[in-house]
Amino acid sequence: TQMAHASCAHCQTTISDHSTMVERGGQTYCCNNCAMMAEGQTPMHTGKATCAHCNSPIMDTSTQVERGGQTFCCNNCAMAVAQGAGHGTIGGLGRA
């Protein structure tokens, strides 16, 4: 059986790349950056890169990816944009 795709509890991005997924307090996140944002952690220094998809500050650069001149907090957000999710998808609401 194939594992169902979960969604990030912070930015609602579909988690296709499970290698960056983290779980904290019973919640699932696409990466540590979204988990830290959900926990209320903020960057210590200004000038941190932010994700072009979910706008989370990239505090954990180990999952950061660059695609098409844009910076993403993780491959899940990069894939969401590549699949047409675009900006402003927080909440996961769209029109059919």
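Q: What makes the link between the side chains of His53 and Thr13 a polar contact?

A: This is a predicted model, and in it the two side chains come to 3.2 Å from each other. A polar contact needs a pair of N or O atoms within 3.5 Å, so the pair of His53 and Thr13 qualifies.

Q: Why is His53 called buried?

A: Its relative accessibility is 3%. Buried means under 20%, so His53 belongs in that class. You will find His53 in the loop between α1 and β3 (65-67).

Q: Why does Met21 count as partly exposed?

A: Met21 has 22% relative accessibility. Buried would require under 20% and exposed over 50%, so Met21 falls in between. Look for Met21 in the segment before β1 (22-24).

Q: Which residues does Met21 touch, not counting those up to four places away in sequence?

A: They are Ile15, Thr28, Tyr29 and Cys30. Touching here means heavy atoms within 4.5 Å. As for Asn76, 55 residues away along the chain, its C-alpha atom is 9.0 Å from the C-alpha atom of Met21.

Q: What makes Gln12 partly exposed?

A: Gln12 has a relative accessible area of 29%.

Q: Are Cys8 and Cys11 buried or exposed?

A: Cys8 has 2% relative accessibility, so it counts as buried. Cys11 has a relative accessible area of 1%, which means that Cys11 is buried too.

Q: Which residues touch the most other members of the largest nonpolar core?

A: In this core of 17 residues, they are Cys11, Cys30, Cys34, Cys54, Cys73 and Cys77. Both α1 (32-38) and α2 (75-82) supply at least two residues of the core. As background, nonpolar side chains in soluble globular proteins tend to be buried together.

Q: What is Cys73 in contact with, leaving aside its neighbours within four places in sequence?

A: The partners of Cys73 are Cys31, Asn33, Cys51, Cys54, Ile58, Thr63 and Gln64.

Q: Which residues of α2 are buried, and what covers them?

A: The buried ones are Asn75, Asn76, Cys77, Ala78 and Ala80. Their cover includes β3 and β4 (70-72). After α2 comes Gly84, with a positive phi near 95 degrees.

Q: What pattern does the chain follow along its sequence?

A: The order is β-β-α-β-β-α, with two helices and four strands in the chain. Of its 96 residues, 35% count as buried. The chain exposes about 5,700 Å², and carbon and sulfur atoms supply 49% of that area.

Note on methods. Residues are numbered from 1 along each chain as its sequence is written. This is a predicted model: local features need pLDDT of at least 70, side-chain atom pairs count only at pLDDT 80 or more; totals for chains, interfaces and linings use all residues. Side-chain values use heavy atoms; hydrogens and water are left out. Buried means under 20% relative accessible area, exposed over 50%, partly exposed in between (1.4 Å probe, protein chains only). A nonpolar core is a set of buried Ala, Val, Leu, Ile, Met, Phe, Trp, Tyr and Cys residues joined through side-chain atoms within 4.5 Å. A polar contact is a pair of N or O atoms within 3.5 Å; within protein, one must be able to donate a hydrogen and the other to accept it, and residues adjacent in sequence count only if both atoms are side-chain atoms. Accessible areas come from the Shrake-Rupley method with a 1.4 Å probe; for residues, only the protein chains shown count as cover.
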